[in-house]
Amino acid sequence: MSKPIGDIELQIMWNRLIAVVEEQAQTLLRTAFSAIVREAGDLSAGIFDRQGRMLAQAVTGTPGHVNSMAASVTHFIQHFGLETMREGDAYITNDPWMGTGHLNDFVITTPCFHRGKLVGLFSCTSHLMDIGGIGFGPDGTDVFMEGLYIPFLKILDAGKVNETLMAMIRANTRLPIDTVGDVYSLMACNDVGCQRLVEMMDEFGLSNLDELAEHICSKSREAVLAEIAQLPKGAWSNAMTTDGFDGPITLRATTTISDAGIHVDYTGTDPQARKGINVPLAYTTAYTVFGLGCIVASRIPNNAGSLGPLTVSAPEGSILNAQKPAPVCIRHVIGQMLPDVVFGCLAQAIPDRVPAEGTSCLWNIIVRGSVKGGQVGNYGFSMAITSNGGTGARPQADGLSATAYPSGVKGTPVEIAEAITPLIFWKKELRPGSGGQGRTRGGLGQEIEVESGIGEPFELLAAFDRIDFPPRGRNGGGNGAPGAVAIKDGARMFGKGTQLVRPGERLLVRTPGGGGLGPAGARDPALVAQDRREGRS
Amino acid sequence: MSKKYRPVRLAVDIGGTFTDIVLLAGEQRLVAKVLTTPREPEVAVIEGARSALAEARLAFRDIELFVHGTTLATNAIIERKGARTALIATDGFRDVIEIADEGRFDQYDINIVKPQPLVPRELRFTVPERMDVHGAVRRPLDEAAVSTIARRLGELRIEAVAVALIHAYANGAHEVRIGEMLAERCPGISVTLSSQACPEAREYERTSTAIANAYVQPLMAGYLRRLEREMGKLGLASPIHLMTSGGSLASLDTAARFPVRLVESGPAGGAILAGRIALEREERRILSFDMGGTTAKICLIDDGQPLKARVFEVDRQSRFKKGSGTPVRIPIIEMVEIGAGGGSIARVDSLQRILVGPDSAGAEPGPACYGRGGSEPTVTDADLVIGKIDPARFAGGKIPIDPGRAERALGAGVGSQLAMGPEQGAVAVAEIVDENMANAARVHAVERGVAIRERTMVAFGGAAPLHASRLAEKLGIARIIVPPDAGVGSAIGFLAAPAAYEIVRSQYMRLDAFDINAANALIDAMRREAGSHASAAAGERSVLVRRSCFMRYAGQGHEISVALPDRQLIPSDAALLREAFEREYQRLFARFIPNALIEIMSWVVLATTPTEPPAGLAAAPLRAAPAAIGERSVFDAALGKRICVPVFERRDLQPGSSIGGPVLIVEEGTSTFVSSSFDVGVDAGSALVLTAKPAAN
């Protein structure tokens with residue numbers, strides 16, 4: 001038995017582990033093909049111990065991925081067994097219920113060996129823009145319509161690529177160049193993480209991660225419990241209605257704070273829907289605990305220990321615990337509402353720490369169409385142009401304009417979107433007056449106009465929400481402006497489902513503004529004047 | 001002039017508080033430190049140069065090389081003291097700098113505050129026009145709209161304009177036309193075009209870079225032209241070279257056009273010095289710590305080479321987090337910089353927390369102890385009250401300072417609000433600023449994934465040797481090198497910088513359709529252009545040309561740099577390049593993608609004078625330490641109490657001598673405080689080497 005490691009060394013090694021996964025994520029960002037990964041950061045990366053406990057995650061990345069990927073590594077271990085794993089192996093799945101909630105996310109897990117011993121696992125996931133089927137939209141009525149379904153499989157066998165599987169993937173996507181390239185990129189980022197871990201273990205003379213893992217998990221758990229101990233105890237309920245696909249959907253939550261932790265139960269939530277806006281439980285859990293973490297434990301690193309005291313349940317068959325073969329392609333639209341649903345509960349317990357409702361879900365402009373001239377390898381274009389509305393007003397400050405929350409995904413530069421698609425953006429600007437009024441104001445949404453640049457029609461795979469039910473203000477604050485989708489100077493379009501934009505037509509997208517907090521009359525007159533001068537109100 | 005003084009080289013570094021001067025005449029090195037004169041920085045430059053030249057019995061006309069660096073541009077951005085700047089953007093894109101990347105730099109903190117754009121919304125104008133991604137005009141420029149804006153700019157008393165249009169990197173014609181119209185209609189306004197300041201795709205970073213350039217340009221160009229004129233009048237015959245953020249020299253004309261490239265020029269000189277100090281001493285892993293009057297800079301240097309980057313964030317907000325600053329896309333030596341210098345102002349916030357910086361009292365009014373009208377307490381005031389500064393020796397005795405004023409300011413600004421005396425207030429201020437710097441260093445090291453403890457610190461800049469011991473204690477660093485003339489370290493580094501010029505030019509080429517003739521023609525033209533710029537600053541030194549290109553797999557968004565052979569390309573080089581790309585790709589990212597298409601995005605030619613590695617140092621024979629010149633009472637933070645420490649004169653300390661800490665070593669430009677955790681020796685290169693005492697258990 002080696003001598004116990006000092007607290008300071010453990011602290012340094014913990015920091016180093018966070019740096020290792022950050023480098024893992026940077027590798028994924030820098031080598032990715034899909035723009036939604038390389039420009040917008042729709043990915044996650046983390047390191048796990050032999051029990052499947054997440055020890056560190058990259059801060060680069062998006063919460064829906066991180067916390068659901070955390071659960072998926074346990075499934076990999078159960079399915080394959082640690083004892084069968086060899087150096088150079090890597091495993092893959094896109095099972096929505098075992099991975100991160102829809103077929104478009106590939107999860108790759110790589111066992112990491114140090115001096116011949118399996119010491120931990122690296123896992124990563126990123127969003128593949130097209131995996132065949134009906135495409136990245138909500139129109140499917142079961143998961144089988146939504147694309148190629150990859151069960152738990154080996155993608156690398158002792159360093160050798162599974163060419164059969166690669167050929168299947170290549171043949172089942174409209175974007176074979178990007179999709180195959182991204183699989184390589186996912187494999188590479190785990191390899192880089194593993195190299196760095198081995199270097200770190202050599203440097204600190206570690207033969208395993210056990211003591212470090214214990215330290216990270218117990219310290220984090222204690223820290224979260226200490227934060228929870230300071231909160232009022234009790235149960236608070238909240239409901240939120242969203243647009244849904246073919247009718248409104250109501251989400252109901254009861255949040256119970258006790259000495260043991262915080263539990264969120266979604267009993268009373270509407271049943272799963274006919275179209276692809278349903279959410280597997282892992283994804284429901286991911287965004288729920290992310291929302292809780294932001295309010296009660298924002299300074300504590302995310303890992304199995306800090307996530308432990310935060311638990312979630314939802315009735316089977318509800319839209320927040322959809323059962324296979326429910327369609328789940330755009331599960332993020334409902335899933336990303338959950339931090340705001342939970343904030344509605346917490347606002348009753350700790351009103352001075354909770355913001356008003358924001359846009360919540362990403363307002364990705366998902367487009368598909370043909371290109372002119374010869375294109376090498378891909379079939380037309382498919383792209384999710386990541387875009388955001390305003391966030392809810394915060395107790396001490398206005399909401400953030402055109403900013404993703406709770407998603408950690410970034411916006412797509414117009415100059416990149418136009419390099420990948422034959423579209424022209426005529427406008428992408430803040431939307432004055434869209435922030436909900438209040439003592440603090442909601443963040444502003446955006447106004448975006450897009451047209452085909454080659455005189456061809458293109459498809460909009462709409463997956464928007466908060467059009468019929470805008471972000472609500474709190475404590476007397478006004479609602480944010482509802483979102484809108486239309487043909488400019490023409491017909492209104494549906495918030496969800498595939499629709500055509502014809503040559504010469506301009507697609508007009510107005511992203512929602514965040515809700516306001518507190519009565520508008522209490523706003524600092526200097527800020528009112530500044531909003532007017534700057535054309536924000 | 002006697003031959004033995006040749007060559008005569010002058011380096012001047014303007015910081016927010018001090019202007020440092022180094023004059024090399026043959027083997028002789030003269031240094032001076034004078035207060036920066038912010039409204040007319042050339043006044044201090046000339047005053048300092050004049051006194052150094054006089055001491056060496058030389059004149060301005062004897063100077064053969066004049067290298068100049070300055071943090072004026074950085075400080076103008078951090079302190080928001082740049083020009084009243086407007087933006088002209090494409091219609092529909094007024095808010096590019098505010099929409100930014102739509103991200104949050106901290107995932108879990110719902111209370112983040114994003115950086116305030118340098119141009120407020122009411123000064124962002126748009127004009128009807130549009131280029132597409134191929135550089136084709138999709139909407140012609142509405143010149144009437146430009147005229148209307150030009151009138152408004154005059155009415156609004158705008159001093160600088162950034163023009164940043166969509167896809168201007170692909171075709172800058174509309175930007176150029178707007179530039180011409182503005183030059184005609186508002187001749188007093190300085191104009192920056194994004195297609196010239198940063199011809200690269202991604203509108204947010206390009207716009208941000210153009211705005212930052214515009215924001216500092218009136219200040220910088222005005223200053224550089226005045227300096228050129230005044231120095232000319234005094235007889236200076238050599239051209240003035242400017243130190244750039246990338247660590248090489250540029251002409252004054254280039255610098256006046258693109259002052260944003262000077263944002264970190266002083267610190268870049270410091271990094272070059274630290275690299276040479278490391279090479280001389282065969283120290284492989286260095287943490288350079290440069291603390292001046294306004295900011296502190298921390299840079300990681302491995303094997304003598306500072307890390308380079310292509311984007312820099314000025315003025316990171318919350319806890320120095322990546323993504324919380326204003327991005328500028330320029331070649332740069334990578335480092336973190338925070339508002340923590342001798343002049344940083346201390347105050348108490350509503351939560352009764354002591355905050356230090358980022359604002360600085362600078363040189364005017366300066367710290368309270370200067371007695372030049374400053375009443376707010378600063379880090380220098382705290383260092384003085386703690387006892388680390390000998391008032392009689394501050395800046396070689398040229399700047400009189402008054403401990404009484406420092407005490408009163410600390411009492412009023414910090415002590416009274418926290419029910420503590422001036423001394424306790426001083427201790428708290430010093431401790432906070434040291435903790436701030438330690439955190440910045442930790443975050444930077446974590447971003448780079450390196451362990452800080454094993455590094456050797458190289459400490460220079462006027463305030464660093466005062467704070468190095470405490471910072472090292474906090475970071476667990478066991479070895480600190482304080483080079484000779486540490487107070488003017490950056491300026492010394494300037495003189496070791498190569499004369500160089502780098503050109504990056506985008507020209508897309510697929511490797512399976514490799515066009516040798518086109519590539520050779522492009523590189524030849526770049527080689528001629530870069531070579532002539534570099535030769536202009538090279539003097540008698542030879543100029544080498546290095547070629548490289550940025551490559552990626554077709555479909556990726558980020559490129560990696562691959563070296564090209566030092567000769568004309570030949571047809572078989574396509575295979576060579578594929579191999580080199582795959583090798584480099586595998587080195588960086590662990591595995592490459594077999595048989596995927598590869599493309600070249602841009603070509604790079606660097607013309608540079610060679611940098612010879614310095615000779616290593618021999619061990620210095622041991623020698624007895626001289627007598628102390630006195631003693632002072634100093635508060636030692638690690639011990640938590642005042643102690644009496646001997647004071648030594650640095651120039652009395654010969655190579656090979658050593659002294660047990662605690663001790664204070666005073667010199668012209670700074671003082672080195674060796675805390676009770678360290679001993680100090682002098683090496684063969686006359687650097688002070690602080691070594692941690694063995695732990696007392």
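Two strands are said to pair if DSSP finds at least two bridges between them. With that in hand, here are some close-up views of this predicted model.

**View 1. Strands S26 and S28 of chain B run side by side.** Strand S26 (residues 544–553) and strand S28 (residues 598–608) of chain B run antiparallel and are joined by 10 bridges. Step back, and the pair turns out to belong to an open sheet of 4 strands in chain B, ordered S25-S28-S26-S27 with antiparallel pairing. Which strands stand at the edges? They are strand S25 (500–510) and strand S27 (560–563) of chain B; each has a single partner strand, so one side of each is left without a neighbour in the sheet. From one strand to the next, the twist averages 25°. Look too for helix H16 (residues 573–589) of chain B, which lies across S26, S27 and S28 of chain B and runs at about 135° to S27(B).

**View 2. Strand S1 of chain A is mostly covered.** Strand S1 (residues 43–48) of chain A has 6 of its 6 residues buried. In a regular strand, side chains alternate between the two faces of the sheet. Here Leu43(A), Ala45(A) and Ile47(A) point one way from S1(A), while Ser44(A), Gly46(A) and Phe48(A) point the other way. S1(A) pairs with strand S5 (residues 117–127) of chain A in the antiparallel sense over 6 bridges, and in this pairing Ser44(A) stands opposite Thr125(A). S1(A) also pairs with strand S2 (residues 54–57) of chain A, again in the antiparallel sense, over 3 bridges; there Phe48(A) stands opposite Met54(A). S1(A) and S2(A) make a hairpin with 5 residues between them, and Gly52(A) in the turn has a positive phi of about 85°.

**View 3. Helix H1 of chain B packs against strands and helices.** Helix H1 (residues 41–55) of chain B has 15 residues and spans 22 Å from its first C-alpha to its last, close to the 21 Å expected at 1.5 Å a residue. Its buried residues are Pro41(B), Glu42(B), Ala44(B), Val45(B), Ile46(B), Gly48(B), Ala49(B), Ala52(B) and Leu53(B). What do the buried residues of H1(B) pack against? Their partners in chain B are strand S1 (8–14), strand S2 (18–25), strand S3 (28–35), helix H2 (72–78) and helix H7 (203–233). Just after H1(B) comes Arg57(B), which takes a positive phi of about 55°.

**View 4. Arg441 of chain A sits in a loop.** Follow chain A from strand S14 (423–430) to strand S15 (446–452), and Arg441(A) is in the loop between them. Is Arg441(A) buried or exposed? It has 35 other C-beta atoms within 10 Å; a residue counts as buried at 20 or more, so Arg441(A) is buried. Apart from neighbours within four places in sequence, Arg441(A) is in contact with Ala393(A), Asp398(A), Gly399(A), Gly435(A), Gly436(A) and Gly516(A). Ile216(A) is 225 residues away along the chain, and its C-alpha atom is 39 Å from that of Arg441(A).

**View 5. Domain 1 of chain A touches domain 2 of chain A.** The domain assignment of chain A gives domain 1 (7–221) and domain 2 (355–537). Their centres, taken over C-alpha atoms, are 31 Å apart. At the contact, 22 residues of domain 1 of chain A meet 25 residues of domain 2 of chain A. On the domain 1 side, helix H2 (35–38), helix H3 (63–80) and helix H5 (176–204) of chain A each supply at least two residues. H5(A) gives the most to that side, with 3 residues. The residues on the domain 1 side divide into 10 nonpolar, 6 polar and 6 charged.

**View 6. Chain A meets chain B.** Here 62 residues of chain A are in contact with 44 residues of chain B. On the chain A side, the elements giving two or more residues include helix H1 (7–31), helix H7 (281–296) and helix H11 (414–420) of chain A. H2, H5, S14 and S15 of chain A are also among them. By type, the chain A side divides into 28 nonpolar, 16 polar and 18 charged residues.

Technical notes. Residues are numbered from 1 along each chain as its sequence is written. Chains are lettered from A and ligands numbered from 1 in the order in which they are written. This is a predicted model: local features need pLDDT of at least 70, side-chain atom pairs count only at pLDDT 80 or more; totals for chains, interfaces and linings use all residues. A residue is buried if 20 or more other C-beta atoms lie within 10 Å of its own, exposed if 12 or fewer, and partly exposed in between; C-beta atoms are placed from the backbone. Two residues are in contact if their C-beta atoms, placed from the backbone, lie within 7 Å. The expected span of a helix is 1.5 Å times one less than its number of residues. Domain bounds come from an automatic or database domain assignment. Ala, Val, Leu, Ile, Met, Phe, Trp, Tyr, Cys and Pro count as nonpolar, Asp, Glu, Lys and Arg as charged, and the others, Gly among them, as polar. Axes are lines fitted to C-alpha atoms, for helices over the stretch in contact, and angles run from 0 to 180 degrees between N-to-C directions.
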